[in-house]
Amino acid sequence: MTSERSTIGKTQRVGGALAAALCALALTACGTEGAGSEAAAATPTASPTPTEARPDPMDDPGLTVEEQRAAVAFMRLVTEVAAPCEGSSKGLPAESPSMQPPPRPGDSVTPAPVEDLPPLGDTSWDFDRVRQEVELGDTEKCAALRHGSRIAKALDGSGDPTAAHVEKALAEIGYDLPYRLHGPEEAGGRVEFTLDLRGGELCLDGTYDGTRTTFDPYGVHPAVYCTDVKRRG
């Protein structure tokens with residue numbers, strides 16, 4: 001998949017999720033303030049065979065203003081981290097861990113079609129097809145390294161390989177939106193977590209062993225969760 005497809009996917013997801021979040025903040029223009037949604041605040045739970053596309057919790061109209069602000073802050077982080085990568089191989093961190101810029105005034109945020117989505121008029125749902133791993137474009141490969149570098153800087157050498165320690169460290173650098181973080185979970189003396197960093201298609205599996213952090217980035221169709229994906233190999 002080219003970086004162009006990655007940019008298109010990002011436009012679609014940011015166009016929907018971020019626009020919904022900004023709309024909710026403008027209460028007088030967009031309607032009433034939501035009462036909140038426990039389902040949206042929780043990490044999505046993957047079921048074996050969903051019968052339709054997974055909803056993006058950021059698009060839930062029941063989010064409170066505080067939850068909408070948190071969603072906007074997270075998407076701002078995702079776009080700012082990826083900004084130096086856009087349209088160039090430059091922007092890679094000087095030291096990579098083992099393992100779209102924000103819209104300008106006047107830019108259109110109209111969702112663009114994603115090549116991987118079914119064509120218009122195709123209402124069929126094939127979970128086995130959409131859960132296949134998606135090839136990341138150059139922009140998101142670069143963004144994965146930059147996210148990994150930020151996280152490794154916060155965790156590496158900090159000791160205490162516990163879920164609580166990792167969750168606290170991730171929250172301190174902005175990765176604290178519950179439905180964008182799966183885990184952390186302790187397993188075999190290590191801590192494992194998955195971050196949904198999609199403005200486009202990027203998900204990131206991380207493992208921390210108390211000394212260093214390793215990462216595994218991969219692409220995921222926007223209609224499923226990171227935890228749904230069937231990895232290659």
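This is a predicted model: local features need pLDDT of at least 70, side-chain atom pairs count only at pLDDT 80 or more; totals for chains, interfaces and linings use all residues.
Helices are DSSP runs of H or I with at least four residues, strands are runs of E with at least two, and both are numbered from the N terminus.

Residues are numbered from 1 along each chain as its sequence is written, and side-chain values use heavy atoms, with hydrogens and water left out.

The protein chain has seven helices and four strands, in the order α-α-α-α-α-α-α-β-β-β-β. Of its 233 residues, 41% count as buried, that is, under 20% relative accessible area with a 1.4 Å probe, protein chains only.

Returning to α6, its buried residues include Cys142, Leu145, Ile151 and Leu155. Just after this helix, glycine 157 takes a positive phi of about 75°.

A nonpolar core is a set of buried Ala, Val, Leu, Ile, Met, Phe, Trp, Tyr and Cys residues joined through side-chain atoms within 4.5 Å. The largest such core has 30 residues, and Ile151, Val166, Leu170, Tyr175, Phe193, Leu195 and Leu197 touch the most other members. Two or more residues come from each of α4, α6, α7, β2 and β3, and α4 gives the most, with seven. Apart from this core lies another, of eight residues, among them Phe127, Val130, Val224 and Val229.

Which residue in β3 is the bridge partner of leucine 195? The partner is leucine 204. Leucine 195 also has contacts, meaning heavy atoms within 4.5 Å, with residues including Ile151, Tyr175, Arg180 and Cys226.

Now the strands, which pair if DSSP finds at least two bridges between them. β2 and β3 are antiparallel over six bridges, and a hairpin of five residues joins them. Seven bridges then connect β3 to β4, residues 213–219, again antiparallel; aspartate 205 stands opposite aspartate 216 of β4. Four residues lie between the strands in the hairpin of β3 and β4, where glycine 210 takes a positive phi near 100°. Finally, β3 is mostly covered, with six of its seven residues buried.

Technical notes: Buried means under 20% relative accessible area, exposed over 50%, partly exposed in between (1.4 Å probe, protein chains only). Lists of a residue's contacts leave out its neighbours within four places in sequence.
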